[in-house]
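Hi there,

Have a look at it first, then read on.

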Amino acid sequence: MVEASTLDLGKLDGPVLVFGGPYSNLQATEAMIAKAGHLGIPPERIICTGDIVAYAGDPAATTDAIMDWGVVTVMGNCEESFGAEADDCGCGFDEGTECDVMSRQWYAYANAQLTPAHRAWMRQLPGRVEFQLGRRRFAVVHGSAVSINEFVFEKTDDDIKRESLDRLGVDAVIGGHSGVPFTQILEGRLWLNAGVIGMPANDMTPRVWYALLTPADGGLELSLCSLDYDHVSAARTMRARKLPEGYAGCLESGLWPNMDVMPPGEREKAGKPIQTSSFLWPDAVPAAAD
Ligand SMILES: [Fe+2]
């Protein structure tokens with residue numbers, strides 16, 4: 001394993017907004033920018049978990065929008081691949097699966113649109129971002145501490161999450177890549193996936209997702225929030241550009257074209273609308289002195 005470069009943001013002093021996977025979806029990206037402005041959160045406290053360019057119709061314009069916005073961005077496997085001018089997206093799809101076949105189509109399309117400046121920007125992105133919020137120390141990675149393209153879902157074995165928490169030595173890991181939002185407390189530590197804005201969460205709604213981390217009395221308030229955007233226009237753009245119908249249709253139906261990358265327990269959640277949620281993650285209680 002190559003050790004990822006780390007950007008340490010230090011101690012942040014207000015709400016942090018986290019989102020993942022713009023996936024070349026310009027309409028969703030513009031909606032996220034507008035929502036952050038409405039919430040009054042500056043780019044220094046906004047973190048993207050990577051995969052700016054993927055399935056949807058506007059790879060160059062979406063990259064330009066993220067670059068111009070100036071949010072903190074973790075390198076995803078897509079940035080790693082496009083930056084290196086690799087032959088494929090490096091998503092970790094098994095060969096011959098539907099995702100693998102469709103990825104060849106969208107990757108070739110996006111690869112033809114990106115400029116040398118886009119690729120140079122992608123190459124300099126950190127593989128890991130760390131920060132402190134309240135009394136908690138966070139690390140943000142794209143997949144896991146082990147691999148940039150490891151799929152970590154809520155129903156993924158907890159030991160996979162503990163391994164990343166242990167390796168990174170933090171109170172919380174924020175991951176991306178897998179595309180479904182969740183929060184999970186593991187013996188007082190946290191795994192959080194903010195979800196993605198570029199594709200729905202396989203819950204039969206076209207909504208996309210982001211997370212808010214807000215300092216509060218006694219801990220941090222963790223919120224998973226949905227975002228509505230012009231998904232009809234985004235799907236229309238994909239079809240006009242002859243991109244895979246499986247993903248264009250997903251923008252409207254909210255259902256993924258397949259669930260090859262999901263563990264069995266995760267597949268059972270398909271089609272069930274995800275609820276927005278918010279809870280207080282309490283500060284760790286110091287061990288009592290003997
Ligand atoms: Fe990814």
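Predicted model: local features only at pLDDT ≥ 70, side-chain atom pairs only at ≥ 80, totals over all residues.

Residues are numbered from 1 along each chain as its sequence is written, and side-chain values use heavy atoms, leaving out hydrogens and water.

Six strands form an open sheet with mixed pairing, in the order β1-β5-β6-β7-β9-β8 (strands are DSSP runs of E, at least two residues, and helices are runs of H or I, at least four, numbered from the N terminus; two strands pair if DSSP finds at least two bridges between them). At the edges sit β1 (6–12) and β8 (182–186), each pairing on one side only. From one strand to the next, the twist averages 15° (axes are lines fitted to C-alpha atoms, and angles run from 0 to 180 degrees between N-to-C directions).

Five bridges link β1 in parallel to β5 (residues 128–133), with Asp8 partnered by Glu130 of β5.

Now to β2 (residues 16–19). Val16 and Val18 point one way from this strand, Leu17 and Phe19 the other, and all are buried (under 20% relative accessible area, 1.4 Å probe, protein chains only). β2 runs antiparallel to β10 (residues 208–216), joined by four bridges, and Val18 stands opposite Ala211 there. With β3 (residues 46–48), β2 pairs in the parallel sense over three bridges; here Leu17 is opposite Ile46.

Enjoy exploring!

Note on methods. Buried < 20%, exposed > 50% of the residue type's maximum accessible area, 1.4 Å probe, protein only.
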